[in-house]
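Here is a short report for a reader new to this structure. Look at the model first, then read on.

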Amino acid sequence: MTSPELAREAWPRKVMRRISRKLGPLGVFFEGFLEHPVMVGSIIPSSRFTIARMLKPVKWDECKVFVEYGPGVGTFCRPVLDRLRRDGQLIVIDTNPLFIDYLRKTITDSRFVAVLGSAADVEDIVRGFGHEHADYVLSGLPFTTLPDGVGPAIAAATHRVLRPGGAFLVYQFTAKARDFMAVHFNRIDADFEPLNILPCKLYWGWKD
Ligand SMILES: C[S@@+](CC[C@H](N)C(=O)[O-])C[C@H]1O[C@@H](n2cnc3c(N)ncnc32)[C@H](O)[C@@H]1O
């Protein structure tokens, strides 16, 4: 392709990016979906009903290190920061640089760190911030569409990184994530949130 052809090719993308940025977080999320539909797995962020239900069982006074996989545009980040103790830390991990750049620009809370990387590397990432363990890990990952082997590897790494008594919080449109969790977590609580696009299943895997 010649350079004028390349420039023509890039033009609609630039326009689309400008329009979606004007729409705020929803636009950035949709842009991320258009660029990586399989990795993002949803066209719209989670609802406030899903957020409230998912976070309800967390014992915030016992939580110093909260990790989130696949934060997207940060739908869960602010509610987590609102509940997290003052000496706590929220570490979010996402493979999409568009989302990580957006989060670093828009969330300035000193307890917040955004890491560009894979959830499969959670143990190194948590240790890199000086922690032995995480108290809670929240996942919005699209387990059904992750590449082969990635889901089981993430479930195993999550079980290792959690402290005893901690929990793996997962929301998903299908029950697939539960299969990966059940290999490591003996006790899994489950619920359902109808007020979400799409309605979703919620799981809490507790580490003995
Ligand atoms: C459905 S979106 C979740 C959006 C957001 N948490 C919400 O509730 O609205 C899934 C996210 O997982 C991220 N993702 C996919 N594979 C990943 C991986 N291996 N490690 C970390 N993040 C990943 C995608 O980039 C995307 O941001």
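Predicted model: local features only at pLDDT ≥ 70, side-chain atom pairs only at ≥ 80, totals over all residues.

F76 is buried at 1% relative accessible area. Y171 is also buried, because its 11% falls under the 20% cut-off.

Another pair is F168 with F185. Their planes stand at 35° and their centres 5.9 Å apart, so the pair is tilted. F168 is in strand β5 and F185 in the loop between α9 and β6, so parts 17 residues apart in sequence are tied together. F168 is buried, with 1% relative accessible area. F185 is buried as well, with 2%.

| Pair | Centre distance | Plane angle | Class |
|---|---|---|---|
| F168 and F185 | 5.9 Å | 35° | tilted |

There is also an aromatic cluster, formed by W60, F66, Y136 and W206.

Now the helix. α8 covers residues 150-161, 12 residues in all. From first to last C-alpha it reaches 16 Å, close to the expected 16 Å. Its buried residues include G151, I154, A155 and V161. Among the elements that cover the buried residues of α8 are β1 (65-69), β4 (134-139) and β5 (162-172).

Last, the backbone. Most peptide bonds are trans. The bond from I197 to L198 is cis, with omega near -15°. L198 lies in the loop between β6 (187-193) and β7 (200-206).

Technical notes: Residues numbered from 1 in each chain as written. Heavy atoms only, no water. Helix = DSSP H or I, 4+ residues; strand = E, 2+ residues; numbered from the N terminus. Expected span 1.5 Å × (residues − 1). Buried < 20%, exposed > 50% of the residue type's maximum accessible area, 1.4 Å probe, protein only. Contact = heavy atoms within 4.5 Å. Phe/Tyr/Trp six-rings, centres within 6.5 Å; stacked < 30°, edge-to-face > 60°.
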